[in-house]
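Dear colleague,

Please find below the structure that I am handing over to you. My notes on it follow directly after the display.

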Amino acid sequence: MKALYFAWVRERIGVAEEEIEPPAAVATLGELMGWLAGRGENYAHAFENPAVIRTAVDRLHAKHDAPFAGAREVAFFPPMTGG
Amino acid sequence: MASVSVQSRDYDTAAEIAALTAGRTDVGAVVTFSGLCRDDGGTLEALEIEHYPGMAEGEIARVCAEAEARWPLQGCRVIHRHGAIPPGANIVLVVTASAHRAAAFAAADFLMDYLKSEAPFWKRNRRRDAAAGQPEWVAPKADDADALDRWR
């Protein structure tokens, strides 16, 4: 599964995208952020306040309690500031 | 059916309006919203706009479909730019066409409110003064979230 990061989440982690293989026990986007946060200081910094991070599954907005099984792509980013 | 573009290049607002109404005699109202880059009191060198390719287009199209379901629109065109945008330049264009003005105004207003909060774009400010350091990410405004409540 591909993980994508945008804006300051991307900057803190240091990569824009990567392949990830979370363990089967990690089922929701919220749990996935917790798992990612344990991968290193850069990830811990990016996900230090998960409540502010917005998440998407296969390019659709999804809440933190949403499961991601079968997804091709998950994304993590700050609140949007377009327009 | 709405037409959506996410692009780095500039656009011609007059040409977009003309394209939306070309060959039609049933359109009574066209409303245009143009979002421009402001210079923040002369301190801004450029806005840098990052986006999520694929999702950005998809989210805008989804919001346009919602607008078309709510109001009797005859046309809907949205263009959102990404990349470095200097003060005075175009950022976003929304054009709505309808038989009567109320629907065209309301739909354009709705589209902008939703674009700001739901379309995956992130702005950061690059300052003229190099001592200002790295460009800072723009924080979302509480007003923008409040604006969405008007449509619920």
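In this predicted model, the buried residues of α2 of chain B are B:Met55, B:Ala56, B:Glu59, B:Ile60, B:Val63, B:Cys64 and B:Ala67. These buried residues pack against elements of both chains: from chain A, β3 (54–57), and from chain B, β1 (3–7), β3 (44–51), β4 (73–81), α3 (101–118) and β7 (121–127). The length of helix α2 (residues 55–70) of chain B was also examined. Its 16 residues, at 1.5 Å a residue, should span 22 Å, and the end C-alpha atoms are 23 Å apart, which agrees.

Two of the strands against which α2(B) packs, β3(B) and β7(B), are themselves paired. They run antiparallel and are joined by seven bridges. Within this pairing, B:Glu50 has B:Trp122 of β7(B) as its bridge partner. β7(B) also pairs with strand β8 (residues 136–137) of chain B, again in the antiparallel sense, over two bridges. Here B:Asn125 stands opposite B:Glu136 of β8(B).

I turn next to the contact between the chains. On the side of chain A, 14 residues take part, and they are in contact with 21 residues of chain B. Two elements of chain A, α1 (7–13) and β5 (73–77), each supply at least two residues of the side that touches chain B.

Which residues touch the most other members of the largest nonpolar core? They are A:Phe6 and B:Leu111, in a core of 55 residues. α3(B) contributes the largest share of this core, with nine residues. Leaving aside neighbours within four places in sequence, A:Phe6 is in contact with A:Ala75 and A:Phe77 in chain A, and with B:Glu50, B:Tyr52, B:Pro120 and B:Trp122 in chain B. Among these contacts are B:Glu50 and B:Trp122, the bridge partners described above.

Finally, a note on B:Ile17, which is found in helix α1 (residues 13–21) of chain B. By contrast, B:Asp40 lies 23 residues away from B:Ile17 along the chain, and their C-alpha atoms are separated by 29 Å.

Definitions and conventions
Residues numbered from 1 in each chain as written. Chains lettered and ligands numbered in written order. Predicted model: local features only at pLDDT ≥ 70, side-chain atom pairs only at ≥ 80, totals over all residues. Helix = DSSP H or I, 4+ residues; strand = E, 2+ residues; numbered from the N terminus. Expected span 1.5 Å × (residues − 1). Buried ≥ 20, exposed ≤ 12 C-beta atoms within 10 Å, placed from the backbone. Contact = placed C-beta atoms within 7 Å. Pairing = 2+ DSSP bridges. Core = buried A, V, L, I, M, F, W, Y, C linked by C-beta atoms within 7 Å.
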